[in-house]
Amino acid sequence: MHSSDKLWSEPIDPTKEHPAEGVALLRAFCREQAATLYEAIRNVEAHSPFRQMVVPGGHTMSVAMTNTGTFGWTTDRTGYRYTTDDPETGSPWPIMAAPLLSLARSAAAEGGFADFLPNSCLINRYSVGARLSLHQDKNEQDYTHPIVSVSLGLPATFLLGTLRRTETPRRIRIEHGDVLVWGGPARLIFHGVAPIAAGHHPLTGAFRINLTFRRVAVSG
Ligand SMILES: O=C(O)CCC(=O)C(=O)O
Ligand SMILES: [Fe+2]
C-alpha cells in the first residue's frame, strides 16, 4: 500500500508551526477541502492549460504553470511579469473560484495576516524531478501583503531560506493539505522546492500541485 493511500481515513489534526518569524506552517489546513480545490484547478486548466515557461536566460522551467485571478504570473525570454490575459489563449485568466479565495483568506488570517485579498493565484504543477530554485517573490510591487502557498498531492521538500541568498535554507517536508504563509518580516525570504520524488497520490496522481496566492499591485 502506498503511504498516501491512508490520507483520507487519517484523523485530521491541524497544527500550526512557526519555522521563522513571519512564517506559519499550517499542517493539513486544507486537507478536508482538497477535492473541491482540485476540481477548481481542473476547471482552470480546461481554460488555461499548464505550460512550461521560459525564463529570461532561455532555460525552460521544469514546473508547469497556469494562473487564476485578475493577474497571472508569466515569464518569457523578455522577463517576468503579471498579465490580465493568458498569453497562450489571448483570453483573461480564469476567475478565481470562491473555494480558492476563501481558503487563501482563512489561511492568511490563521497565519497572522487578517484581511488578505489575493488577486492572483499561480498554479504550479510538479512532475517527478521538477524543482524550483531558490528565489524571492518580488514582482508584486507591494510587499505589505503575505504569500499563501498551498500544497496538494505528492509531498515535497520546501527550501526555507532567509532574507540572504547565501544562507543555507532549511529543508521542510510539506505534505498534501499543508499551507505555508509568509509575510511581514519574512515577505522577501528566499525559498524553493527540491526535486520531487516519484510517487502516486490518490487525488493528483503523479503530480504535486502548489497554489501560490498573492496580492499584486493594481497600478504602477
Ligand atoms: O511550490 C511551492 O511550494 C513554491 C512555489 C513558489 O515559490 C512560487 O511559485 O513562487
Ligand atoms: Fe516563490
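Leu 159 has Gly 192 in strand 13 as its bridge partner. Strand 10 (residues 156-160) and strand 13 (residues 191-193) run antiparallel and are joined by 3 bridges; strands are DSSP runs of E of at least two residues, numbered from the N terminus, and two of them pair if DSSP finds at least two bridges between them. The model is predicted, with local features needing pLDDT of at least 70, side-chain atom pairs counting only at pLDDT 80 or more, and totals for chains, interfaces and linings using all residues. Residues are numbered from 1 along each chain as its sequence is written, while chains are lettered from A and ligands numbered from 1 in the order in which they are written.

**Ligand 1**
- The residues around ligand 1 (C-beta atom, placed from the backbone, within 6 Å) include Asp 137, Ser 149, Phe 158, His 191 and Val 193.
- At least two residues of this shell come from each of strand 7 (120-126), strand 13 and strand 14 (208-214).

**Contacts of Ala 104**
- Ala 104 is in contact with Phe 116, Pro 118, Val 148 and Phe 213, neighbours within four places in sequence being left aside; contact requires C-beta atoms, placed from the backbone, to lie within 7 Å.

How values were computed. Helix = DSSP H or I, 4+ residues; strand = E, 2+ residues; numbered from the N terminus. Contact = placed C-beta atoms within 7 Å.
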